[in-house]
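Trainee: Could we go through this one together, question by question?
Mentor: Happy to, let's have it on the screen.

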Amino acid sequence: MIRGLGIAAAIVGLCTAVPAWATFSIIACDRQGSCGAAVATNNLAVGATVIHARARVGAIASQFETNPSHGPKGLALLAAGTDAEATLRELVRTDDGFEGQDATFRQIGVIGAIGIGAAYTGKEATDSPWAGALTGPGFSIQGNGLSGANVVEAMRSAYLKTEGSLADRLMAALEAGEAAGGQTTGRLSAALLVRTPDGGFQDIDLRVDAAKQPVAELRRLLGYHQANDAIVRAERAVRTGQALRARAYLAEAVRLGAGWDRIWRRAARLGMAMGDPGVALQALAALASVNPVWARIEAEDRIYADLWKDADAAKWRQKLVQR
């Protein structure tokens, strides 16, 4: 028994000593003052500690062997007016040896609200299968344990070519890195963080903590976030009498959030508010396919009283109740 425990302890020690290889990330700020990051890794809950951002200030990524103090410290330096390169040098110089590892175990990316990004890859990180970085105006891309330089190159190309919001561009870059080969050791988690000048629900903080295809799952979550934005705009348009705009936003919401029961419920209510029972019934049917229990509860709401006066709709409701 003692001998077995000794072997187990040795295995645990060996596993905990292995560096957290295989992480790739992009940090960026746009002209509107939003700053954010996207990251993927073969480790648990990457969004909890690796990436940090603040609107009109900048963004930080600390990876390979993450030092969680880099984010708050780096953002404070950027907020005080220190540029990205000087902030990076200070983070490396003052690394506090978190978990007994010095700056040689770090890979760090820094970007300020304006200017060129800066990146550092320590010796231990450099010794992973492939490690390096690409920086430019408004962004920094860094990775370790990757299939090759083509990963970060693909990320840069996608980021620069993609139109849309900062979230769209960061997500496109992460997907491009994954498609180019991504990590050599597998995949487990991914995250997307965007801090906007408006803050509140305009910010994005999405995390896939453990999944077989974390980047694909992160894309789905971003779609849900954008679907929610679209349905809110549709509801606002209905309240202000903008019927055509409401329908356009509603179409966008159901396109992006087709798998989300909450979107279909709100779409059904919008249909009734717009005086379009056909839209309401279609949305309720979609809700029933995703979440039949909620659909049965929703169908009992008096908001649909006029809908059930139609014979065909009433028959559909009866079938729903009997499911």
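**Helix 3 and its surroundings**

Mentor: At the start of helix 3, a side-chain oxygen of Asp83 comes within 3.4 Å of the backbone nitrogen of Glu85. Helices here are DSSP runs of H or I with at least four residues, strands are runs of E with at least two, and both are numbered from the N terminus. This is a predicted model, in which local features need pLDDT of at least 70 and side-chain atom pairs count only at pLDDT 80 or more, while totals for chains, interfaces and linings use all residues. Residues are numbered from 1 along each chain as its sequence is written, and side-chain values use heavy atoms, with hydrogens and water left out.

Trainee: Which residues of helix 3 are buried?
Mentor: Buried means under 20% relative accessible area, exposed over 50% and partly exposed in between, with a 1.4 Å probe and protein chains only. In helix 3, which spans residues 84–93, the buried ones are Ala84, Thr87, Leu88 and Leu91.

Trainee: Which exposed residues does the face turned away from the buried side carry?
Mentor: The buried side has a cover that includes helix 2 (70–79), strand 5 (106–112) and strand 6 (118–121). On the face turned away from that side, the exposed residues are Arg89 and Arg93.

Trainee: How many residues of strand 4 are buried?
Mentor: Two strands pair if DSSP finds at least two bridges between them. Strand 4 (residues 58–64) runs antiparallel to strand 5, joined by seven bridges, and pairs in the antiparallel sense with strand 3 (residues 51–54) over four bridges. Strand 4 is largely enclosed by the rest of the structure, because its buried residues number seven of the seven.

Trainee: Is Glu298 buried or exposed, and which side chain does a polar contact of 2.7 Å join to it?
Mentor: Glu298 sits in helix 11 (residues 292–299) and, at 3% relative accessibility, counts as buried. A polar contact is a pair of N or O atoms within 3.5 Å; within protein, one must be able to donate a hydrogen and the other to accept it, and residues adjacent in sequence count only if both atoms are side-chain atoms. At 2.7 Å, the side chain joined to Glu298 is that of Arg269.

Trainee: What is the angle between the planes of Tyr224 and Trp260?
Mentor: Rings of Phe, Tyr and Trp (its six-membered ring) pair if their centres lie within 6.5 Å; planes under 30 degrees apart count as stacked, over 60 as edge-to-face and the rest as tilted. The structure holds four aromatic pairs. Tyr224 and Trp260 are stacked, with 5.2 Å centre to centre and a plane angle of 15°.

Trainee: How many residues apart in sequence are the parts that this pair ties together?
Mentor: Tyr224 is buried at 14% relative accessibility, whereas Trp260 is partly exposed at 22%. Because Tyr224 lies in helix 7 (residues 214–239) and Trp260 in the loop between helix 8 (243–256) and helix 9 (261–273), the parts tied together are apart in sequence by 36 residues.

How values were computed
Contact = heavy atoms within 4.5 Å.
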